[in-house]
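The sequence and structure come next.

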Amino acid sequence: LTPAEVEREFAGFVEETEPRLLRALVSAFGTEVGREATRDALAYAWENWGRVSGMENPVGYLFRVGQSRSRTYLRERVSFPEVPQRGLPDVDPRLPSALGRLSRMQRAAVVLLYVDDMPEREAAEALGVSRASIRKHAERGLAKLRRSLGVSNAD
Amino acid sequence: MPTDVIDQLRNYLDYAGGQTAAETLAASPARSKVPWYRRGPVLALLAGVLVLLVGVPALLLTSDQAPPAVAELPDPLDVGVERVWPDAGYPGGPDDIAAAFADHALGWTDVEVVSDPQASPDGPVWTTIRHDDSPDLEVLSVPIGAGLRVLMQVGSPGLTVGPADDGTGQQIGISRVEGSDSAVLHIRYVDPDRVEVVPVTGADLDQGRIEVDSDSLIGGIVAVYLDADGESVTAVGGHFGPFDESLIPTETTVVAPDVEDWSIVAELPVSVTSGTIFEPIDEGLVVLRGDSTTHVDFDGSTTFGEAPPVTVSAGCCGSAVAIPVGSQLIIFDAYAPGTWLLDPETVTWDQIGDRPTTGDVLGSAVIANHLYVVTASPRAGTTNAHVAALDITTWQWTDIEPVPAVISVGGVTTDGERLIVAGVRQNGNNIIVEDNRQPVAYSFQNGTWEALPDVPIDGQAATVAWVDDVGLLAWNYELDSALLGDSGSWASTGPVPMDFSECYPQSRQVDSGTVALFCGQLAYFNGASLSWSAIPTNREAKHAATSTAIYELAPASDGATLSVLSVPTAED
């Protein structure tokens with residue numbers, strides 16, 4: 001591939017990958033750290049594109065890159081911005097605080113499995129846990145979110 | 001698949017994450033020239049994208065291997081130097097600080113907090129935290145003025161701090177609690193002043209300790225236990241640094257030993273702290289510290305050996321238990337099953353079989369070829385006290401029938417044929433919840449427990465001792481005493497001649513009576529006259545009694561002074 005072709009290929013990868021990665025890392029580490037981690041992970045992907053492009057589960061791998069990069073931020077309190085009065089009419093204003101009451105692992109598991117629709121095996125790889133464990137984290141996290149928002153399982 | 005919450009979450013996270021780099025780039029006039037990921041920090045900033053660290057991750061993560069997953073460490077808690085939590089104090093009453101701790105440390109927002117109704121709200125108060133199916137967690141808070149309180153103790157079992165085995169850094173003793181898979185320690189170091197968050201693995205919990213690199217003085221520690229899913233199970237917290245004496249008075253009265261009675265044996269090159277363990281065996285004395293085991297002959301000559309295989313705290317309240325068994329000594333951590341045996345000749349430790357039960361130890365007694373160790377009922381539970389038997393010929397543990405009572409605080413002794421257990425059930429606030437003053441005795445002849453007459457003294461912090469040819473002696477921390485003699489009923493034997501203090505009393509059987517040990521004080525119960533006499537001591541010292549002599553290991557400027565006092569005879 002010519003350099004231009006490589007850049008186009010990577011740009012396509014970013015377009016497809018970044019929203020998923022951003023959601024997962026923001027949910028795990030909060031807005032500020034999650035954004036930094038996402039950008040760091042994508043920068044790493046560019047620097048190592050030859051290897052990353054051949055991976056079966058690049059998003060999972062980059063989640064771990066972002067997670068490793070966020071090591072220095074882990075002491076910062078995870079915070080989620082309030083739901084704006086305009087722009088997100090369907091989002092319960094209690095969602096940020098409900099999200100904050102989940103463990104980091106639960107948040108990441110819920111987002112990777114349910115929001116990003118990542119296959120269970122890949123999500124488990126990304127978080128470095130077993131499939132059974134990530135399933136349990138996700139189920140518990142979702143149940144907790146539902147309880148906090150007053151949504152019954154039947155809804 | 002539930003889409004309602006999921007959709008909300010997706011929309012919200014897209015909002016919270018802000019514009020993606022691709023979107024930012026799309027809105028940027030520089031788009032057609034250089035891709036954002038190749039522009040470097042300055043252009044990235046100009047484009048409104050904070051790609052400040054491009055390239056840095058690549059430098060850090062050039063290995064072919066996948067980068068390691070990071071342990072999920074929480075924010076450090078505000079652990080104090082002179083208190084457990086929070087360093088700055090928390091506004092409100094005991095309920096408020098307990099609920100706040102549950103939220104901050106454990107992530108429990110829906111808790112029920114119940115403070116001890118008998119405690120003055122202006123003083124120290126134990127508060128119970130209840131949350132879902134978790135065991136009750138009890139915390140002790142004290143007021144520090146200006147409407148603030150701090151926690152001085154959290155839960156049990158306690159943590160311990162001592163020097164590391166290899167002499168570098170320190171090791172923290174931490175035991176596994178039921179349902180825990182791992183833990184996180186929040187350690188407040190004094191110099192440099194910081195709180196470090198340290199992950200504790202399941203293997204660390206099995207080992208009962210974790211080493212930290214720092215030699216800095218440690219103030220408070222909070223350990224949060226987690227289950228396999230990372231959910232908080234419970235927490236324990238303790239304080240190991242300097243006390244704020246305005247909160248907890250620590251001044252002690254040092255009573256100079258009566259040199260006319262005590263004979264100095266030797267100056268020993270060992271230091272003595274409040275956590276030092278000092279026990280007699282047939283061929284000498286054993287001094288246990290976190291970093292060393294020392295065998296001391298009765299003439300004062302010393303042999304240094306291996307460090308104890310369980311954490312021996314330098315300060316108070318450690319959970320290491322050492323029990324002399326003839327010429328040997330066994331040691332274990334009260335909250336871990338592992339047991340070791342000291343070889344006094346080589347001063348090395350050999351591991352023997354695991355104890356069948358763990359928990360606070362009420363006491364022990366040797367009868368025939370067995371050592372019987374009675375494990376207390378958990379404070380918050382209703383389990384009967386448990387008896388484990390160690391065959392001292394094969395060093396194998398077995399069980400005998402549990403004590404037919406829930407006993408969390410008490411004492412154990414033997415008349416040579418029966419195992420006698422006395423005590424009461426207390427909660428974590430040291431409040432007696434079952435004032436069972438009826439001692440029980442296990443007869444090995446018929447394999448059953450039998451009830452003895454009710455003890456007439458308060459059962460709180462009481463101990464029992466068998467006085468040969470006389471009967472069963474009981475005394476408590478309020479310094480009341482009574483004797484169950486041949487008449488089959490208890491009779492008062494008057495006050496024990498000591499100063500009131502706050503320790504658990506202990507008794508040692510000696511040839512002619514009983515030696516009582518209490519907060520560095522000693523008293524002798526004369527089995528012939530059925531009366532007490534005081535023994536002057538250095539209250540900072542550790543004491544060990546053989547059947548014929550009492551040894552005092554007192555801290556000195558360059559080590560310790562070993563002194564001996566002959567056990568009084570019945571005629572004294």
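## Chain A overall

In chain A, 66% of the contacts between residues at least 6 apart in sequence join residues at least 24 apart. The model is predicted. Chain A contains eight helices and zero strands, giving the pattern α-α-α-α-α-α-α-α along the sequence.

Of the 155 residues in chain A, 58% are buried. The accessible surface of chain A is about 6,900 Å², and carbon and sulfur atoms account for 46% of that area.

## Helix H2 of chain A

Helix H2 of chain A covers residues 31-47. Its 17 residues, at 1.5 Å a residue, should span 24 Å, and the distance of 24 Å between its end C-alpha atoms agrees with this.

Because 14 of the 17 residues of H2(A) are buried, the helix is largely enclosed by the rest of the structure.

## Packing of H6 and H8 in chain A

Two packed helices are described by the angle between their axes and the distance between the axes. For helix H6 (residues 104-115) and helix H8 (residues 131-149) of chain A, the angle is about 100° and the axes are 8 Å apart. An angle of 65 to 115 degrees counts as roughly perpendicular, so H6(A) and H8(A) are roughly perpendicular to each other.

On the H6(A) side, the contact is made by Met105(A), Gln106(A), Ala109(A), Val110(A), Leu113(A) and Tyr114(A). H8(A) contributes Ile134(A), Arg135(A), His137(A), Ala138(A), Glu139(A), Arg140(A), Gly141(A), Leu142(A) and Lys144(A).

## Backbone features in chain B

The peptide bond from Trp85(B) to Pro86(B) is cis, with omega near -20°. Pro86(B) is in strand S1, residues 85-91 of chain B.

Trp395(B) is not a glycine, yet has a positive phi of about 60°. This residue lies in the loop between strand S24 (386-391) and strand S25 (396-400) of chain B. Its relative accessibility is 14%, so Trp395(B) counts as buried.

Asn526(B) belongs to strand S37 of chain B, which runs over residues 521-526. With 3% relative accessibility, Asn526(B) counts as buried. A polar atom of the Asn526(B) side chain lies 3.1 Å from the backbone nitrogen of Ser529(B).

Leu530(B) is in the loop between S37 and strand S38 (531-535) of chain B. Phi of Leu530(B) is positive, near 55°, in a residue other than glycine. The relative accessible area of Leu530(B) is 36%, so the residue is partly exposed.

Key
Residues are numbered from 1 along each chain as its sequence is written. Chains are lettered from A and ligands numbered from 1 in the order in which they are written. This is a predicted model: local features need pLDDT of at least 70, side-chain atom pairs count only at pLDDT 80 or more; totals for chains, interfaces and linings use all residues. Side-chain values use heavy atoms; hydrogens and water are left out. Helices (H or I, at least four residues) and strands (E, at least two) are DSSP runs, numbered from the N terminus. The expected span of a helix is 1.5 Å times one less than its number of residues. Buried means under 20% relative accessible area, exposed over 50%, partly exposed in between (1.4 Å probe, protein chains only). Contact means heavy atoms within 4.5 Å. Accessible areas come from the Shrake-Rupley method with a 1.4 Å probe; for residues, only the protein chains shown count as cover. A polar contact is a pair of N or O atoms within 3.5 Å; within protein, one must be able to donate a hydrogen and the other to accept it, and residues adjacent in sequence count only if both atoms are side-chain atoms. Axes are lines fitted to C-alpha atoms, for helices over the stretch in contact, and angles run from 0 to 180 degrees between N-to-C directions. Angles under 35 degrees count as roughly parallel, over 145 as roughly antiparallel, 65 to 115 as roughly perpendicular and the rest as oblique.
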